[in-house]
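Got your viewer open and ready? Let's take a short walk through some charged side chains, one selection at a time.

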Amino acid sequence: MDTVGPVDRSGYDRGMSAQSPTDGLPSATSPVTPADETQAMARRFGPEFTPTSSLAQAPVKSPPHTVEGFTQEFLHELNMSQGVQLSRSTVNDQYIAFARTVHHYLVSRWLETTRRIANSKQKVVCYLSAEYLLGRQLDNALMATDLDEIAEEALAGCGINLMTLRAQEVEPGLGNGGLGRLAACFIDSLATMRVPSFGYGLRYEYGIFKQTFVDGQQVEQPDTWLTLGNPWEFPHPEHALRVDFAGHTERYTDDNGVERTRWVPGWNVLGIPYNYMVPGYENGWVNTLRLWSAQATKAFDLQIFNSGDYAEAVRAQTFAENITKVLYPEDSTPQGKELRLQQQYFFVSCSIRDFINRVSPNVRDLPDRVTLQLNDTHPVIGVPELMRILVDEYFLEWDEAWDITKKVFNYTCHTLLPEALETWPVELMERLLPRHMEIIYRINDEFLAEVREKYQGDEMRVRQMSIVSDYPNRSVRMAHLATVAAVKVNGVAELHSQLLRDKVLPDFSDMWPEKFTNVTNGVTPRRFIHLANPSLSNLITDAIGVGWLTDLERLAELEPFVDDDNFRDAFRAIKKQNKIALARLLHRRDDMEISTDHMLDAMVKRLHEYKRQSLKVLHIVTLYEKIISGKLKAEDIVPRTFIFGAKAAPGYEMAKRTIHLMNSVAQTINEDKRVNQVLQVIFPPNYNVTLAEHLIPAADLSEQISLAGMEASGTGNMKFALNGALTIGTDDGANVEIRKCVGDDNFFLFGLIEPEVAALQEKGYHPSAYYESNPDLKAVIDLIASGHFSGGDGSVFEPIVSNLLYQDRFMALADYAAYVAEQDEVDARYRDQEAWTRSAILNVARSGYFSSDRSIRDYINRVWHVSSM
C-alpha cells in the first residue's frame, strides 16, 4: 500500500493573511518530522549522529539514587537554574529546584518509554479530554521514583523541611470536577499498566476560577496557578502547530483533473505544546500528557507600536491567548459561546495533527496505530477535523477517509441531562469552521440515507437521529456526530449505560446495538489511598501484604479483620487522626474550626440542582428547626459537622443562590449557642484535589443524594467508600454498584428509583403538595422564607423557595421525608461505634472493583483492543 503524505501547499501558505506564521515555523501544514529532529541533532552532535548510532541510542542516566547524589543535583539546580545560593534562596526557589531535581529522576524513564512506543508500532491510546484535574505533582513523583526518604534526608541536610516545600506547590488549574479528575486517574492507570498512550488537553492559563466568598456569595477570581512558575512541564515552542479559523472554502481542480475543496482561512493562531510526564507506579514506565497553549502567529506589530497605538500593537496576541485563558468560558453570551468552540477546535486540531506528525505519518495506518478516545462531547469536533486532514491535505477519497475515521474514534458519554449534550449553532459553525460544516453536512446526508434505508417511511426517526437539528434552532448535535463516527459508545456506570441506550440515544442503540457498552468509572488508589491516607495504606499493607495498590480487588482479604478487635481499634484511631489533620489544615487554610469528636458528614461535588445540595440544606435546617422549636433536645442527637465543597458555574444563578443559602445557614447555626455544640456547618471555599486528599480520609458519611436517573456515575462516592466512609444515597449512577458491592447493611439507601421518577414526571409532579402534607418540611421552608437566615429579609432566598415549591425539577421535596428518615438510621448506627466501624471496614474491603485500573482493563477489552508493553 502506498504511503500517503501531506501535499505541498506552500503556494497556499504564501497566500495567507499577515497573521501567517514566519517561514520555517512548524505548523499544521508543515509538520516537524522525526527526520527533521535527526538533522537537528546531527547539527548539534556532528555528522556521525544517526537515529541508530550509539550516541542516539545511549540511554539517559538518572542522577545517583543516594542522599549525596540527590543533594548534589538539588544544589546544582538551585545554583544553575534558579541562580541563587542556598543561603539566599526563597522557599519558592527551593521548591522549584527540588521539583526539578525529582523531575530529573523521571526523565530517563520517560525518554525510554517514548522511544519504545515509537519503535513498537503498537496501537496507541490517545485520550482527548478538555480537563485534567491532576492535583499536586510532587508527592506523586516522589512515590513513582521511590525518593521519599532520600529526598527528605537530603533536604534536612540543607536545613530545609520537606513539608514546607510540599505546602509551596500550587495545584494545576486544569479541571473543574469529576470529568477532569477521572481523566487524571485514567492516565495514571494507563502508565501503571504500561499501556502506550498520550493524554491531550489544554494548558489553561487561569484554570476554571478561584472561588472566594463575599458576604456568603460566590465571587470568582482568576486561578493564578502559573504565577510562580511550573517545574513540571517541558515547553516545546519549536513544535508549534498552526490552527486556522473562519474564512471561506473554494473549489479547484488538482493536477490530476480531480475537483477538490480547500479552506481559505481568515485568521489563525499557534498551538504551543507543553509536555507533562505521567509516571506509572513502581514500573519504570512514564507516559506523556501534552497540553496546548494558544499564541498569535504575529504577536507584535512594531509599526503600529511605533505609531503610538500600543494596545492595537498586541491585539492579535491578546485575541489568540484568550483561547486558553480559562477553562469553560462563560457561554451565556455569543462571544463566550464562540470562544468555547474556538477552544475545542484548537485543542483537537493540534492533538490530531500532532499524533499524525509524530507517530503515524502514513495516515492509512491510523486504524492500526491509534484509538482516539473522546472524553465527552468537547473533543467531538475532531471527527470532521480528521476527515478534513485526510481529504483536503492527504488527498484520500471520501469513502476511504470516512472508513479510516470510523475505525479510530470512540466516545464516552458522561451525562443524562439533555442540556449537557453539546450543540453548536449552524450559523456559528459555518462562520468559524466553514469547511468542517460542509463535512458535517455530507456525513449527515450519508448517515440519514442509511437510516431511511433501514427504517423506510419513518421520517420522525430520521429527524430525531439527524446530526443537524432544525428545531428549535438549526444546530449540530455533537453527541449524534460522535455516535455516528465511533466504533464504541460507552456510559460510565451500569445504570447510566442502560439509560443512555434506552432514553438518551435510543434510536442509535436500536440501529447499532453492538456499538453500546459500559465501562464503570474508577479512581486511582495510589493517590486516593496511598498518598491521601498513608496510615490506612500502611494498615492495609500490614494486614494483607504488598501488591494491593496495583491489584485493588485484593482488598477483599481485609474482610476477616472485621472481627479483629485490634484492627478495628487501629482503623478508628486512623479516622480520628485524619479528622485532626483536616482540622489543622482548615485552621491554616481558611481560619475555620471544626470539632474532631463529631460525625463528619461530607457533601463535596460540583454545584448543580440535580446533585441536590438543596436537599442536604433542608436536612440541616430540619435538625436546627427542631432544636430551636423544642421538638428535639440538642443532647438527643448525634453531634455532626456538615462540610460542603462546591463551585457553581459563573452563569448558573440558581446554583450561586444555593451557595449563598448554604453559607447563610452555616453562619446562623455556627453562631447559635443553642445548637452549635452539636451542629456545625463548614463550607471552605475553593474545594480542590489538595483539600479532597485531606477531607475524604476524615469523613464518616458520604452524601451521594442526586435524583435517581440523573448522575452518570460519580467518582467521589468511590473515593469515600475506599477510605471507610459509609454512603447515604439514592440508587443513581455508580451508587447502585457500590451498594451491591458493599452490601445493603453497609449503605443507607433512600428515595425514588428511576422508574418511579419517570412515572411521577409523566403523572405530573406538584412539589407544593409535599410541602402542605409534611409539617416538618413546611416548618423548614417557612423558616427559610421568613428571612431567618438572611437578616430578616425574606426576599433574599425567595427564588429558592419558589423554585422548590413550584418547580423542583429534581424532586428534592418528593425525597425529603425518606431522606430525613434514613438520616435517623444513620444516627442510630453511629451511636454503636463497633457496628459502624465494621461497616466502614467492609466498605473498604468490598470496594476494590472501583479502581481505575479495572476501568482501563474494561476499556482495553471492550473498546480499545490494545496491549500493555
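This is a predicted model: local features need pLDDT of at least 70, side-chain atom pairs count only at pLDDT 80 or more; totals for chains, interfaces and linings use all residues.

**Stop 1: the negative patch**

Start by selecting Glu68, Asp146, Asp148, Glu149, Glu152, Glu153 and Glu282; together they form a negative surface patch. Which helix gives the most to this patch? Color residues 148-157 and you have it: helix H7, which supplies 4 residues.

Now click on Glu153, which sits in helix H7. Is Glu153 buried or exposed? Its relative accessible area is 52%, and the cut-off for exposed is over 50%, so Glu153 counts as exposed.

**Stop 2**

Side chains of opposite charge can pair when their charged atoms come close. How many salt bridges does the structure hold? There are 58, and we'll visit a few.

Select Asp392 and Arg435, whose side chains meet in a salt bridge with an N to O distance of 2.7 Å. Asp392 belongs to helix H15 (residues 382-393) and Arg435 to helix H18 (residues 434-454), so this pair ties together parts that are 43 residues apart in sequence. Asp392 has 8% relative accessibility, and buried means under 20%, so Asp392 counts as buried. Arg435 is buried too, at 8% relative accessibility.

**Stop 3: a helix and a strand**

Next, pick Asp827 and Arg640. Their side chains form a salt bridge at 3.0 Å, N to O. What does the pair link? Distant parts of the chain: Asp827 is in helix H35 (residues 812-831), Arg640 is in strand E19 (residues 640-645), and they are 187 residues apart.

Asp827 counts as buried at 10% relative accessibility, and Arg640 is buried with a relative accessible area of 1%.

**Stop 4: one more pair, then a network**

Jump to Asp731 and Arg739, where the side chains meet in a salt bridge of 2.9 Å, N to O. Both Asp731 and Arg739 are buried.

Technical notes
Residues are numbered from 1 along each chain as its sequence is written. Side-chain values use heavy atoms; hydrogens and water are left out. Patches are made of residues with over 30% relative accessible area and no salt bridge: like charges are joined within 9 Å, nonpolar side chains (Val, Leu, Ile, Met, Phe, Trp, Tyr) within 5 Å. Accessible areas come from the Shrake-Rupley method with a 1.4 Å probe; for residues, only the protein chains shown count as cover. A salt bridge is a side-chain nitrogen of Lys or Arg within 4 Å of a carboxyl oxygen of Asp or Glu. Lys and Arg count as positive and Asp and Glu as negative; His and the chain ends are not counted. The place of a charge is taken as NZ of Lys, CZ of Arg, CG of Asp or CD of Glu. Helices (H or I, at least four residues) and strands (E, at least two) are DSSP runs, numbered from the N terminus. Buried means under 20% relative accessible area, exposed over 50%, partly exposed in between (1.4 Å probe, protein chains only).
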